Amino acid sequence: MAFYLWRKECAVATDTLLELLERIRTNDYQAFEQLFEAHWRELYRYAYKVLRHAPDAEDITQELFCDLWANRAQLHVQTNAQGYLLGALRKKILTRFRDADIRSRHLQHFGAAQEISTEPTLRHLVSHDTLAAVQARAQALPPKEKEVFLLSMLHDFSVKEIAERFATSEQTVRNQMNSALHKLSPYLVKLLS
């Protein structure tokens with residue numbers, strides 16, 4: 001009897017989650033907030049279990065929800081909404097691991113004399129003409145994102161330094177940087193390849 005009730009509870013939760021995702025797809029921000037409140041903690045726990053680093057787990061979980069909202073118009077989940085959320089989180093974690101591996105190989109390739117925790121900025125990796133093209137493209141970004149992107153990628157400012165400069169939180173700076181990179185990434189990939 002208990003198993004039957006548990007399965008029924010899961011089915012209700014899945015139906016509710018599917019309904020929330022459908023409402024989010026139609027621009028219902030309250031549904032998005034409900035989804036966040038109901039599922040943030042379990043997704044964070046999963047990310048922490050894999051990454052074993054609280055700030056990274058928090059960042060990646062927040063990125064998942066930001067992407068979910070930003071791409072809500074393309075959201076079409078018919079079944080297994082819980083699996084969809086976990087799958088999207090796993091994909092973000094795998095991408096994080098892949099990017100860290102690529103970054104590490106590039107640092108080794110360039111004979112980086114700097115510590116592994118510091119990343120070379122775009123200014124150190126590209127020609128003057130390419131740098132000018134990136135700066136021109138960055139002008140289309142919203143003002144704060146543009147400033148954060150230019151300070152970080154071109155002028156060697158750390159997240160902490162940018163946060164102090166604008167009297168804002170480091171997480172806000174990371175969010176603005178992620179948003180800028182997301183918007184510029186198709187152009188940067190094409191330009192740098």
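Here is a short chat about how a few features of this structure get their names.

Biologist: What should I know before we start?
Modeller: This is a predicted model, where local features need pLDDT of at least 70, side-chain atom pairs count only at pLDDT 80 or more, and totals for chains, interfaces and linings use all residues. Numbering runs from 1 along each chain as its sequence is written, and side-chain values use heavy atoms, leaving out hydrogens and water.

Biologist: What makes Arg 25 and Glu 22 a salt bridge?
Modeller: The term asks for a side-chain nitrogen of Lys or Arg within 4 Å of a carboxyl oxygen of Asp or Glu. Here the closest N and O atoms are 2.8 Å apart, so the pair meets the definition. The whole structure has seven salt bridges.

Biologist: Why are Arg 25 and Glu 22 separated by about one helical turn?
Modeller: Because they sit three residues apart in helix H1 (residues 2-25). A helix here is a DSSP run of H or I, at least four residues, numbered from the N terminus.

Biologist: Which residues line the largest cavity?
Modeller: Leu 21, Glu 22, Leu 75, His 76, Val 77 and Gln 78. On a 1 Å grid over the protein atoms alone, a cavity is a set of points where a 1.4 Å probe fits but cannot get out, and lining residues have an atom within 4 Å of a point.

Biologist: How do helices H2 and H3 pack?
Modeller: H2 (residues 29-51) and H3 (residues 54-70) pack at about 145°, with axes 8 Å apart. Axes are lines fitted to C-alpha atoms over the stretch in contact (heavy atoms within 4.5 Å), and angles run from 0 to 180 degrees between N-to-C directions.

How values were computed
Helix = DSSP H or I, 4+ residues; strand = E, 2+ residues; numbered from the N terminus. 1 Å grid on protein atoms, 1.4 Å probe; cavity = no way out; pocket = protein on both sides within 12 Å on 5 of 7 lines; lining within 4 Å.
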